[in-house]
Amino acid sequence: MEDSTTPLLYSIEDLDPGMDLFGILENTNRTDTDKKFLRECRIVIPFVEIKFDADGKDRVIVNFKNRIFVFEMQVTKESTKYGKIEPHEDSPLVATYFYPKCQNGTRMLIHRITLLFVNPAHREMNLHLQFRDPNRSIVEILEELKMVNQTTKMFINKPRVTKDELEYLNTHYSHLEVMIFRSDAPDELEGFALNFKRVGVNNTIQLCAEHLNQMRCEHLHLRNGNINGSELNKFIRSWRAANDLPNLRSIWVQNYEESPDLYKGLHFPEGKSTRRGRKYKFYHNMYWDCFKAIDIKRNDGTCGTIVRWKDEFAFLVWKEMFHEIPDGYTVANPEEDPEQTTNELSRSGQGASMVKEEITFNFFKK
């Protein structure tokens, strides 16, 4: 019979699917040998997602060896259950994690995972937080969690948020890599999400050119047609003239409603041209085909490109004029109706000629 000093794991084969994450966490509390072995195996858990759900419960979600494990957090008064993990009989990839009321169970579990699966030189786990509970304050949750530096991505999916919540996030979480914002913001904070690096907005808020002129993000994704052509036109003309927004890489608007105002005042001059690549490397393993697109040249020489495709709009800023597209990337705007795209370019006065993957473009100029 094994005792508490006997290592559970001896070789990498012991980490076959038969040994799941619940079993590893439950059993490797016993010896330092097991913990050292797991770290040496270099199994990577790049991030952990924490959901503060609408039912008032907290769930910790971990992708381990290409399987999704869910921990449902549960307070218990039984001291013998503290830190115990009990898989559900009907759902083997879901388990209850028990913790005492006097402690933050989520932080306990994250610490436990970090000790086993995070490089000791880093000592931090990247956290993705999702807020769905309309009855709990984001401020109170984060103050109790106390894991500011580890948090890199945030989903706000409550029906409404308060001014205090958003101001708290602006103050303490400005370092976030990604902000996904699906809530309705209070007055005067409609552009709240635009303060972060990579942003997705999916709500009913209508933004204006001034919001875009003040944003700090690199990539902005508006999924619900949150800005019209007239305001985009004002923004593009301002971007061209002011040499501001040095971090901006892209604006992508889905469910965009066509507007003749988009190109208003963007006059086409003779004899101005430059060279850039045809393909623009994007995130989500995508790229934009910019062969039939419209270019804007800024006073400092920066090139911006307007792409229109079906009910989508994209404004792409070229920090490098040629992008290498990795294998496996898919095109965001496959050309299904070449005649429609050509007609739109004719209306705008934009021309292009292609030499292999390099294109000579004329620019709009003030």
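The model is predicted: local features need pLDDT of at least 70, side-chain atom pairs count only at pLDDT 80 or more, and totals for chains, interfaces and linings use all residues. Residues are numbered from 1 along each chain as its sequence is written, and side-chain values use heavy atoms, with hydrogens and water left out. The chain has 8 helices and 20 strands; helices (H or I, at least four residues) and strands (E, at least two) are DSSP runs, numbered from the N terminus. Of its 366 residues, 48% count as buried. Buried means under 20% relative accessible area, exposed over 50% and partly exposed in between, with a 1.4 Å probe and protein chains only.

**Contacts along the chain**
- Among contacts (heavy atoms within 4.5 Å) between residues at least 6 apart in sequence, 62% join residues at least 24 apart.

- In strand β5 (residues 94-99), 6 of 6 residues are buried.
- Both faces of this strand are covered, with Val94, Thr96 and Phe98 on one side and Ala95, Tyr97 and Tyr99 on the other.
- Strands of a sheet pair through backbone hydrogen bonds, either parallel or antiparallel.
- Two strands are said to pair if DSSP finds at least two bridges between them.
- The pairing of β3 with β5 is parallel, over 6 bridges, and glutamate 72 stands opposite threonine 96 in β5.
- Strand β4 (residues 85-87) pairs with β5 in the antiparallel sense over 3 bridges, and isoleucine 85 stands opposite tyrosine 97 in β5.
- A hairpin through 6 residues joins β4 to β5.

**An open sheet of three strands**
- An open sheet of 3 strands runs in the order β13-β14-β18, with mixed pairing.
- Its edge strands, β13 (279-281) and β18 (330-331), each pair on one side only.
- β13 pairs with strand β14 (residues 286-289) in the antiparallel sense over 3 bridges, and tyrosine 280 stands opposite tryptophan 288 in β14.

**Helix α5**
- Glu165, Leu166, Tyr168 and Leu169 are buried in helix α5 (residues 163-172).
- These buried residues line one face of the helix, because they fall within an arc of 155° seen down its axis; the arc is that of the directions from the helix axis to the C-beta atoms.
- On the other side of α5, Asp164 and Thr171 are exposed.
- The cover over the buried residues of α5 includes α4 (138-145), β7 (151-156) and β8 (178-181).

**Two buried residues**
- Arginine 276 is found in strand β12 (residues 273-277) and counts as buried because its relative accessibility is 0%.
- The side chain of arginine 276 reaches the backbone oxygen of cysteine 290 at 3.0 Å.
- Isoleucine 50 lies in strand β1 (residues 47-52) and is buried, with a relative accessible area of 0%.
- Isoleucine 50 and phenylalanine 131 are 81 residues apart in sequence and 8.6 Å apart in space, C-alpha to C-alpha.
- Not counting residues up to four places away in sequence, the residues that isoleucine 50 touches include Arg59, Ile110, Leu129 and Leu145.

**Lining of the largest pocket**
- A pocket is an open set of points on a 1 Å grid over the protein atoms alone, where a 1.4 Å probe fits, with protein on both sides within 12 Å along at least five of seven lines; lining residues have an atom within 4 Å of a point.
- The largest pocket is lined by 19 residues, of which Gly56, Asp58, Tyr99, Arg136 and Glu144 lie nearest its centre.
- α4 gives the most to this lining, with 4 residues.

Terms used:
Polar contact = N/O pair within 3.5 Å; in protein donor to acceptor, adjacent residues only side chain to side chain.
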